[in-house]
Amino acid sequence: MAAAAPPPPPTPTPSPPSTVPADSTPIGHPLFSRVRLAALSDVPHIHKLIHQMAVFERLTHLFSATESSLSAYLFSSTPFQSFTVFILEVSTKPFPENSPHNYNPNYAPVVRIINSDLPVDDPEWEVFKSEDENVVVAGFVLFFPNFSTFLGKPGFYVEDIFVRECYRRKGLGKVLLSAVAKQAVKMDYGRVEWVVLDWNENAIRFYKEMGAQILPEWRICRLTGKSLEVYGDDI
């Protein structure tokens, strides 16, 4: 499937964060979550999250990204027209109303409340502290436009989605992926696609529960490193 960026949509009107009632009245230990557009200042956190993902996927030997490379490529285009990152933040308290993240002209943050019987023990709270008080970064999703020739429509391809270990199994992965899917629907895109490691049974089950089709008949083909660089030589 060839990747191609669609024509830019109309400039969105700034709007306050999108909030919905909690699943029930907050009891026990409510966890407030917010999905927002990443900014250049988030790059150190994004870099750490990608490294943690490489560790989880047993692929650290392929990890060579730097904060400089992420800064150079991820924020050079209008959101949703090229590489886009949503940051997942959590807090034990409501998010501050005066946060600058609440009024991004390109995307209104999505806020949810998750009820938990027990508090979350986050050993890396200090490492992943966000710009807002009492807020910590818990995950991210990186996606970009592609195009389906069969549908005749653009879509989104999710390159990576990751939630830090202490915040898993709380519905936060669904919050992240749902935000991408909702944006696709808003832009009249035809589908959202991604890949999953065949040994990650928990993720496969989670994606099926969200309604995703698993396509075992397809295989990933990749040119990278020297296999790609050889095409830069004169033939």
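**Exercise 1. Classify Lys-153 as buried, partly exposed or exposed, then find its salt-bridge partner.**

Solution. Work from the predicted model.
Step 1. The relative accessibility of Lys-153 is 30%.
Step 2. Buried means under 20%, and exposed means over 50%.
Step 3. Lys-153 therefore counts as partly exposed.
Step 4. Its side chain meets that of Asp-188 in a salt bridge, with 3.1 Å from N to O.
Step 5. Lys-153 belongs to strand β6, while Asp-188 lies in the loop between α3 and β7 (192-193), so the pair ties together parts 35 residues apart in sequence.

**Exercise 2. Describe the salt bridge of Asp-122 and Arg-164: what is its N to O distance, and which parts of the chain does the pair link?**

Solution. 
Step 1. The N to O distance is 2.4 Å.
Step 2. Asp-122 is in the loop between β4 (110-114) and β5 (135-148).
Step 3. Arg-164 is in the loop between β6 (153-163) and α3 (172-186).
Step 4. The pair links distant parts of the chain, 42 residues apart.
Step 5. Asp-122 and Arg-164 are both buried.

**Exercise 3. Turn to the rings. How many aromatic pairs are there, which residues form a cluster, and which charges sit over rings?**

Solution. 
Step 1. Ring centres must lie within 6.5 Å to pair.
Step 2. The count is 13 aromatic pairs.
Step 3. Ring pairs link Phe-80, Phe-86, Tyr-107, Phe-143, Phe-156 and Tyr-189 into a cluster.
Step 4. Next, the charges. The charged end of Arg-58 sits over the ring of Trp-199, 4.0 Å from its centre.
Step 5. Arg-168 lies over the face of Phe-56, and here the distance to the ring centre is 4.7 Å.

**Exercise 4. Which residues form a nonpolar patch on the surface, and where does Val-230 lie?**

Solution. 
Step 1. The patch consists of Leu-223, Leu-228, Val-230 and Tyr-231.
Step 2. Together they have about 410 Å² of accessible area.
Step 3. Val-230 lies in the segment after α5 (226-229).
Step 4. Its relative accessibility is 43%, so Val-230 counts as partly exposed.

Key: Residues numbered from 1 in each chain as written. Predicted model: local features only at pLDDT ≥ 70, side-chain atom pairs only at ≥ 80, totals over all residues. Heavy atoms only, no water. Phe/Tyr/Trp six-rings, centres within 6.5 Å; stacked < 30°, edge-to-face > 60°. Lys NZ or Arg CZ within 6 Å of the ring centre and 35° of its normal. Salt bridge = Lys/Arg side-chain N within 4 Å of Asp/Glu carboxyl O. Helix = DSSP H or I, 4+ residues; strand = E, 2+ residues; numbered from the N terminus. Buried < 20%, exposed > 50% of the residue type's maximum accessible area, 1.4 Å probe, protein only. Patch = residues over 30% accessible without salt bridge, like charges linked within 9 Å, V, L, I, M, F, W, Y side chains within 5 Å. Areas by Shrake-Rupley, 256 points an atom, 1.4 Å probe, with all protein chains shown as cover.
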